[in-house]
Amino acid sequence: MGGAVVDTGDSGVKAPDGGWGWAVLFGCFIITGFSYAFPKAVSVFFKELIREFGVGYSDTAWISSILLAMLYGSGPICSILVNRFGCRPVMMVGGLFASLGMVMASFATNIIHIYLGTGVITGLGLALNFQPSLIMLNRYFSEKRPLANGLAAAGSPVALCCLSPLGQVLQYEYGWRGGFLILGGILLNCCACGALMRPLKAPKKTSEVDEKKESKPKPKLLDFTVFKDRGFLIYTVAAAIMVLGLFVPPVFVVSYAKELGNEDTKSALLLTILGFIDIFARPTCGIIAGLKWVRPRCVYLFSFAMIFNGTTDIIGSMAKDYPSLVVFCIFFGVSYGMVGALQFEVLMAIVGTEKFSSAIGLVLLVEAIAVLVGPPGAGRLLDATNNYMFVFLLAGCEVVLSALVLAICNMLFIKRKPQQPDPPAKMEMAITETEMEELNKAPKDNQDNGGGENGKKQAIEHEVMTKSDDKKVEEPESIGVDSIEVENASKKVTEPNGVVVEPESSL
């Protein structure tokens, strides 16, 4: 968590940081847009569904809730399927499920059929696309990964700005049944995006490397060892707390504006402003997170983004007129975009490529519980107090708390990885090892050539001293001395006149 992980992928292939990766990024952009914007886009049909089936607004609201619950809660299932079959086939099957659910819902005769079609089947299909697309993005980008995550995350506000007006047009022209059928056809584009997820191929290696690779155990379908990583545990707890309040303001800001006496169209314009700012905030934050002096500290940038978001909620709770709500939406759009661009980048930096497929599934499962608790809990608070100020205050405090948990626990419990030795130090180590090899070979040669022992020993010692002088070592203790050299130096030497001389006594 203290620094970015340089990923090479499961197959040992280094991330290309470009090339076909840009096609993968485009597919991830589309999938992210569908996944996050589709539950909100379906809400434009709620009035027609209420009139058709004679249900209340709370009954139709369950459609979006079930869809989001499937998107987040099926994370472990997606992880198992990706680890078993790969990203491309899982995404293409998911695209078929997403389309099939909307087509089935268009023939519904009661609200339960829409729960099953749009909520469960389409939600599962979007989940089978969303998670694998992030995994492939992580494998194709390493150095440019923060920028790639920011650009992919921008698909959410772009799709929201497009799908919501499109849904209104389809409802006006074809009714809710025709609109569901056409949206189902549009979701088939998920299959095309899945086809873009070409797996990376490892280069041809020697037979010895291939044998070692084949001997490695097969990867687990769901790797629970990520829970041994303190950084992952801290991130999961912080993310769960954050999700409790992160999605509350966009849900209630329009109703808040109406409560202040503004028109429906004027109130709905607030979400458009928020989404427009969000479009530019996410790529910009990705560029900032990719800077050399920022990327090793991206977890703290993520904490700052959450504090920014929570503080905006707390200050926005004091808004009393429309202009103040516009200012709130501008700042909330910036902070919301920063959080959206960084949340998966930080997770990738913590666990790396190999465990990311399992880690994201487990994190999304925990977030699914928070998603189902957060907005409904805020709604109950609103019913009890009839005051939007308390709703925004609670949301802001939850997001700020998550930021403090992430930042403080990271400083207290996570140690930074030791830095790699500098190239000069590596060269010095290499020279020392070479000297050791020469000194180790010296005794063997001396045994074969008995009379020339002193001459070779002196030559080797002279060579070592010459190399040491070239390196300009200040402290004599830094010169490596081998145990064999000490043993040879302590041997008694017989001079030509027959006198035995000990080297130590002659010094």
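**View 1. F45 and F180 in the predicted model.** In this predicted model, F45 is buried, with a relative accessible area of 0%, and F180 likewise counts as buried at 0% relative accessibility. The centres of the F45 and F180 rings are 5.2 Å apart and their planes stand at 90°, so the pair is edge-to-face. Because F45 lies in the loop between α1 and α2 (46–53) and F180 in helix α8 (residues 155–186), the pair ties together parts that are 135 residues apart in sequence.

**View 2. Y36 and F130.** Among the 16 aromatic pairs, the one formed by Y36 and F130 has ring centres 5.3 Å apart and planes at 80°, so this pair is edge-to-face. Y36 belongs to helix α1 (residues 21–41) and F130 to helix α6 (residues 111–140), and the pair thus links distant parts of the chain, 94 residues apart. Y36 is buried at a relative accessible area of 14%, and F130 is buried at 3%.

**View 3. The largest nonpolar core and I114.** This core has 121 residues, and those with the most contacts inside it are F38, I114, F232, F302 and L347. Helix α15 (residues 322–385) supplies its largest share, 29 residues, while at least three residues come from each of domain 1 (16–199) and domain 2 (222–415). Leaving aside neighbours within four places in sequence, I114 is in contact with L49, F53, I63, A105, A108, G119, W176 and F180.

**View 4. An aromatic cluster and two charges over rings.** Y256, F328, F332, Y336, Y388 and F392 together form one aromatic cluster. K266 lies over the face of Y322, at 4.6 Å from the ring centre, and R84 lies over the face of F85, at 5.0 Å from the ring centre.

Methods. Residues numbered from 1 in each chain as written. Predicted model: local features only at pLDDT ≥ 70, side-chain atom pairs only at ≥ 80, totals over all residues. Heavy atoms only, no water. Core = buried A, V, L, I, M, F, W, Y, C linked by side-chain atoms within 4.5 Å. Buried < 20%, exposed > 50% of the residue type's maximum accessible area, 1.4 Å probe, protein only. Helix = DSSP H or I, 4+ residues; strand = E, 2+ residues; numbered from the N terminus. Domains from an automatic or database assignment. Contact = heavy atoms within 4.5 Å. Phe/Tyr/Trp six-rings, centres within 6.5 Å; stacked < 30°, edge-to-face > 60°. Lys NZ or Arg CZ within 6 Å of the ring centre and 35° of its normal.
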